[in-house]
Amino acid sequence: MRNLLPILTVLGGIVLLWYLAVAPMNIRVALDQAERAGSTITPEGSVERRSVSVFRLMADNSEHVRAAYALDRPRLPTPAQVGAELWKTTGDMALKGRAFSNRSLIYHAWITLQSTLWGFALGMAVGILGAVAIVYSRVADMSLMPWAIISQTIPIVALAPMIIVVSSQLGIEGRGVPKAIISAYLCFFPVLVGMVKGLRAPDPSQLDLLKTYDASGLQSFLKLRLPASLPFLFTSLKIGIAAALVGTIVGELPTGAVSGLGARILIGDQFGAPLAIWSALFAAAILAGLLVTLLDLTQRVALGRMEGRA
Amino acid sequence: MMALVASLGFWIAAWGANIWLANSRWRSTGLVRLTVPLLFGVTLLVLWEGIVRGLEVSQVILPAPSLVAQTFAASLDILWTDFVQTVVKGAFRGFLIGAAAAFLCAIAIDRSGFLTRGLLPIGNFFAALPIVGVAPIMVNWFGFDWQSKAAVVVVMVFFPILVNTVQGLKATDSMQRDLMRTYAASYAQTLFKLRLPAAMPFVFNGLKIATTLALIGAIVAEYFGSPTRGMGFRISTAVGSLSIDLVWAEIAVAAMVGTSAYGLIAWIERRVTFWHPSHRK
């Protein structure tokens, strides 16, 4: 709560800068439209204006600056325009009972969310199993760890179109599986690193104590290493789910997908509808925020209960 | 079939060799630490080659590594032009601009505790967002050539570096800052002699995250329009014409660039933060 005021101030500053940027970004288009509608603009003709700076244009045609804030296809929409578009494609459609029509962002967010969660589950499984292997086997530690690091320096987007083509050639229907693989690729690494750290968190004296209890390997794993790793696991899960969402959207972007938030961005680009791009971007941001918050709450509840039992 | 059996045999032999090496008494020598992961990587390549040859996988689905290597050697000039367009012009320039902007921004914001508290959560949130989505907007604003790619890269690398630098600048403890005060050190002196050096491990952490992001940004932006060269352009057109071996050659280039950029930054980091506990021998 202490941070609420500073956060709001910074957000306010960002919105203010954004509004200030809208006029210079859109003024040329606005003036072209006004000229076509019959107003006199100085200087005349959009070719003439190309050599004049935007601030000069705004000063000379101050009565048309307003128009820059209300374009149908702005280069930079105002926050209010994006908000209105976002509401039109989510809440408004939900109120009309068409939340899952394919013009609704709720439907596209749902498609993206599904792949994200599959990729997250897959990445989490790979990450946790990998971490267990690395902690318990020296060979795995020495041979897997360097490659896990290298795998993250390879830009997965280069592979994304490949994964989609190969999986369609192998007869896998739809885009769910390739998208999940891409997001798993991005999300397994933070989980792996966090779990390795977490499973190694108990100190030698604690492990020795369990040895004096004659605990088996499985018992010391379940009763000591696993609980000790939970705080690390949750922290890396929060990074992992954000990475999984990035992966899904990257998987939707390059390859002509038709549904999902990434596909909305792509379609918005092809049809010259900047408002669609911006609202899809914001929807993705909201989705990321919700997912991370959800994991954060789970973390608090789970760790809180562990504290209580200890 | 022979190829498959041979590669499986190699796999088992290499596995055995790795187990023996990892438990031998030379296990903490540098040579063994390098050999074990290398052997693992080579095994993967051999298995790949064996499976593709043994099961006669169509090269439209998965070309053998040997074929990819041939294509790589045969199309060096294409790969070089793509490398220059995407990495040198797009990713590298964007990375420099974004990193410098984020660094200066962090130092400016750091003077106000109020702004820092407001900016950290927001910056963290932005750093987790799928910012690659701005690629079509940037291509629309800055045109098809490298400028739009650099712009995407700037936006993508900005927040991770900003957040890490701001956190790093807070990394000194009050004892150290008090000591500087007793020396009557000015703000600038405290910044350059104490706080910036102390922030360096964090800054390099941000830079490492940003290297991969820069490559991702530059490649994705090319899917939305580019001149007829560039790695992203080549990958999307080569996938379209089913010359998958060329795609894998580009992926190999991307992997080499990503890994060596990361290695370069890690190397500079060791030079700059030689005092840090994690680099002490």
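**Salt bridges in a two-chain predicted model**

Student: Which residue does Asp110(B) form a salt bridge with?
Tutor: Asp110(B) forms one with Arg195(B), and their closest N and O atoms are 2.7 Å apart. A salt bridge here is a side-chain nitrogen of Lys or Arg within 4 Å of a carboxyl oxygen of Asp or Glu.

Student: Where do those two lie?
Tutor: Asp110(B) is in helix 4 (residues 76-110) of chain B and Arg195(B) in helix 9 (residues 187-223) of chain B, so the pair ties together parts that are 85 residues apart in sequence. Helices are DSSP runs of H or I with at least four residues, numbered from the N terminus.

Student: Good to know. What kind of model is this?
Tutor: This is a predicted model, where local features need pLDDT of at least 70 and side-chain atom pairs count only at pLDDT 80 or more. Residues are numbered from 1 along each chain, chains are lettered from A, and side-chain values use heavy atoms.

Student: Back to that pair: buried or exposed?
Tutor: Both Asp110(B) and Arg195(B) are buried. Buried means under 20% relative accessible area, exposed over 50%, and partly exposed in between (1.4 Å probe, protein chains only).

Student: How about chain A: what does Lys179(A) pair with?
Tutor: Its salt-bridge partner is Glu252(A), at 2.9 Å between the closest N and O atoms. Lys179(A) and Glu252(A) are buried.

Student: And which residue meets Glu85(A)?
Tutor: Lys88(A), at 3.7 Å from N to O. Both lie in helix 4 (residues 79-89) of chain A, 3 residues apart. Glu85(A) is buried at 15% relative accessibility, while Lys88(A) is partly exposed at 48%.

Student: How many salt bridges over all chains?
Tutor: The count comes to 8.
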